[in-house]
Amino acid sequence: MKKYLVKRLLQIIPVLFIISFVVFVLVYMAGDPVALMLPEDASESDREAMRAALGLTDPFYIQYFRFVGDLVQGNFGTSFRYNQAALPLVLERLPATFELAAASMVVATLMAVPLGIYSARKQNSLVDLFITGGSVLGKAMPNFWLGILLILLFAVNIQVFPVSGRGTIVHMILPAITLGTGIAAEMTRLIRSNMLEILNQDYIRTARSKGVSSNILVYKHAFRNSLIPVVTIMGLQVSHLVSGALITESVFSWPGIGLLLVQAVNGRDMAVVQAAVFVIALLVIVVNLITDLIYRLLDPRINYS
Amino acid sequence: MQGNAEAKTVGTIGQAVRKDKATGGFKRWCHLLWQSKTGTVGFIIVLSVVLVAIFADLLVPHDPVENNLSDMLAPPFWMDGGSAAYLLGTDNLGRDILSRIIVGTRVSLLVGIFSVVLAGIIGLLVGLAAGYYGKWVDTILMRIVDSFLAIPSILFILVVLAVFEPSIMTLIVVIGLTNWVSYARVVRSEVLSVKERDFVRASYSIGTKDTTIIRKHIVPNIISSFIVISALSVATTIILEASLSFLGLGIQPPDVSWGAMLTDGRNYLATNWWIATFPGIAITITVLGIIFLGDWLRDVLDPRNYFSKKGGA
Amino acid sequence: MTENLLEVKNLHTHFFTENGVIPSVNGVSFSVKKGEVIGIVGESGCGKSVTSLSILQLINKPGKIVEGEIRFHEKDLTTFSEKEIRKIRGNKISMIFQEPLTSLNPVFTIGHQISEAIRLHQDVDKKEAKQRSISLLRKVGMANPERQYHAFPHLLSGGMRQRVMIAMALSCNPELLIADEPTTALDVTIQKQILKLMKNLSNELNTSIILITHDLGVIAEMVDRVVVMYGGEIVEENDVYSLFENPKHPYTKGLLNSTPKIHQLKEKLQSIEGNVPTPDQLPSGCNFQDRCPFAMDKCRELSPNLVASTDGSSVRCWLHQEKEVVNV
């Protein structure tokens, strides 16, 4: 187990290396930041001096190593919009995003698990058709549009929820449903097909031949087995969660890392863009690692050595 | 990345496709399509969207970009104050929503299709290189693929959009550059399995050129997985483009994007719901059509389904 | 004559697929007496397994018993509700399946799975169930049963897993044990051990056994009476000695000729020409007609009936039709 963990942690290094390289190349290609920093009437020699001071005259690889060195120290530069260090700016937005992500995962799981299991048990029934159709529709519907429709219905027409902002649990309901539904659509489909496969396994037949009732069959024998892929499925949804969070936070003005990133991209605030991208990437990697570990704990067949 | 699940199942589909061509051709495909309700619906939707995009200039009742402040915020025709001139109403600048939706098909399809073509080409080349040359080339390329898979592609896209001016071209390139990974994996695994087959070894031994082997043995085997992955990629890309445009990071005016239309409509939700509603319906129906068509293609191109449909236990 | 424990009468199990109805079992009748071991043989796809699964109503959709009775202690199991049949399953009648690897749930310990069977049908607490499970494991020859109780299935060998399956099947002292190819997936040496174990335990507990197999060697070793199935029907039934001595149906002859015999050095092993037809592709007339070396014109036109003779055997073949008809 330890060995495996070390191996997985080591695998993160090339990933981070590639991200840092891509980001650096893009920023390098973006051209001269000096023009933005100095007043327009600055002379060419002033610009030259500024470039040299920033190390922009150095060769590409030296600039890259400096960039990586800064990254390792958590130094992403200063946000010119907020005029403060980028990393703390990003980190202070984390709780809001965690809150939203957790709430949407709960919403998604509460929807997807029962729906997926139910439609697998009643395969080809009308309800199954309805659920499967709903999950396709959920996949086809853009997240932001769903959010807008929810706002239209529940915040504008019937004013039960606030349009935007963060604070009370009431603020969280619409964003969590918006983000959760998109994820639930994909999850339901995966859980259904998974459950169908499990219900056809030999050991389910064995359990039936012992006289196990169909409820125990589903919720004990099959569900425990389906938990293994469900954890993987939840891990796979992390990507959806990230892109969904960016959009949902923007729709509901939820003050999380996604909204910050979108605003930074819009305002060309590169320090914040870089910091946010790295923090999100690292989080995604960590979440994937954790799901992988849970997966291993759930499945006794996996060898720990 | 959605391609992974498909990638596993689509290994040897090519044979079934070739068989199809030999025995049936056009008529047989029509018959297969007609058998599936969702497939037919999907096909009709996709065909209509494509036709609308091609003939958009002829179909639009009004200029989609010109402001017309005297007619602003007109409701759809069935509501009080609506008129037949603006079937789906107008937006805050008096632009006809129907016309804008019609023109919007172009951006959606352009970005959706061309980014997928680009991704397919890159994926094909990377996959061929990795599978064919093996060794360190394979190791490095697959590490890169894994890295792309390890983090959400939206992050790369956002970094690019922070650096470059957003435009249709930028979007096509950047989405193409992040979506090639699933293709590369399919191609690589197919190349690896083809390489092991005896007839390929045999053709090597008689000195057949690499390009011939690729054309004769590899391309036919991956073509159907490409079709299936592409169909779903076009669907997700259309949503992605709309989302980016909605966030103000994608298509910029005067180009018309469904996503950007929603941004306009958002500020008028309380009073003029139609501005944000109709573009959303357009996106959903288009994507739904592509998913239906893609699912149908997956079913017919999968040899297992193919044979079970023909009967036998 | 002892009374019949189980009587299957005119069983029809069909599968309703998108491509039409597949009649997997078509009018099968046989009976099992108390303590008797009967064998059902046939190539794969002949309806053996479907027959056995039908007894406990374990047929999955789209399969369905469309006709017939399954009388267990004179009561027709096909009329039982799901709740009633559950009380029979694993309790009065239990099953062992072919693949010991996939037939045990991978995420529960073997002890848990045996205890579960015990606690489903007997009013005992967890501790008692565990004690019984351990003694069952000992009985089926597991070394160190206290420790193995906590083992997960994937840690055991195929033979050991099949012992676990037997322990589980016998946990409630069933009156009838249905073993569907119990040794097919195992090594030859392990096969012998498992068969011996089943035989000993059934003698000890006076359990009747229905043994389903394609292996005539297993049949010769284990059973009292043999039912030969082909194309969803019974083609021959006889006691084991008479059947091996004097097979009547050409299919039975073919099966026997394709089995190697150690004490009877034959110059060449024969195989039956052709393949088993799937149930929806059966030929007209007699099901076996297209593979039968003795096929006559009549065989291609009319399907023969299963005809019983006075010595207790019955056969479905136009070559043996001079006796009275017992079944439609």
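## The sheet in chain C

In this predicted model, chain C has an open sheet of four strands in the order β2-β1-β4-β5, and the pairing is antiparallel. On the edges sit β2 (20-33) and β5 (75-76) of chain C, each of which pairs on one side only.

Look at β1 (residues 4-17) of chain C and you'll find 11 bridges tying this strand to β2(C), with the two running antiparallel. One pair to pick out is C:Asn4, whose bridge partner in β2(C) is C:Lys33. There's a helix here too: α1 (residues 48-55) of chain C lies across β1, β2 and β4 (63-72) of chain C, and runs at about 70° to β2(C).

## Two domains in chain A

Chain A is assigned two domains: domain 1 covers 2-72 and domain 2 covers 94-298. Taken over C-alpha atoms, their centres are 36 Å apart.

Where they meet, seven residues of domain 1 of chain A contact eight residues of domain 2 of chain A. Helix α1 (residues 2-30) of chain A supplies the largest share of the domain 1 side, six residues. By class, that domain 1 side has six nonpolar residues, no polar ones and one charged.

## Where chains A and B touch

This contact draws on 42 residues from chain A and 34 residues from chain B. On the chain B side, the elements giving two or more residues are α7 (135-150), α8 (153-163), α11 (210-246), α12 (258-266) and α13 (274-301) of chain B.

Of these, α8(B) gives the most, with nine residues.

Notes
Residues are numbered from 1 along each chain as its sequence is written. Chains are lettered from A and ligands numbered from 1 in the order in which they are written. This is a predicted model: local features need pLDDT of at least 70, side-chain atom pairs count only at pLDDT 80 or more; totals for chains, interfaces and linings use all residues. Two residues are in contact if their C-beta atoms, placed from the backbone, lie within 7 Å. Two strands pair if DSSP finds at least two bridges between them. Axes are lines fitted to C-alpha atoms, for helices over the stretch in contact, and angles run from 0 to 180 degrees between N-to-C directions. Domain bounds come from an automatic or database domain assignment. Ala, Val, Leu, Ile, Met, Phe, Trp, Tyr, Cys and Pro count as nonpolar, Asp, Glu, Lys and Arg as charged, and the others, Gly among them, as polar.
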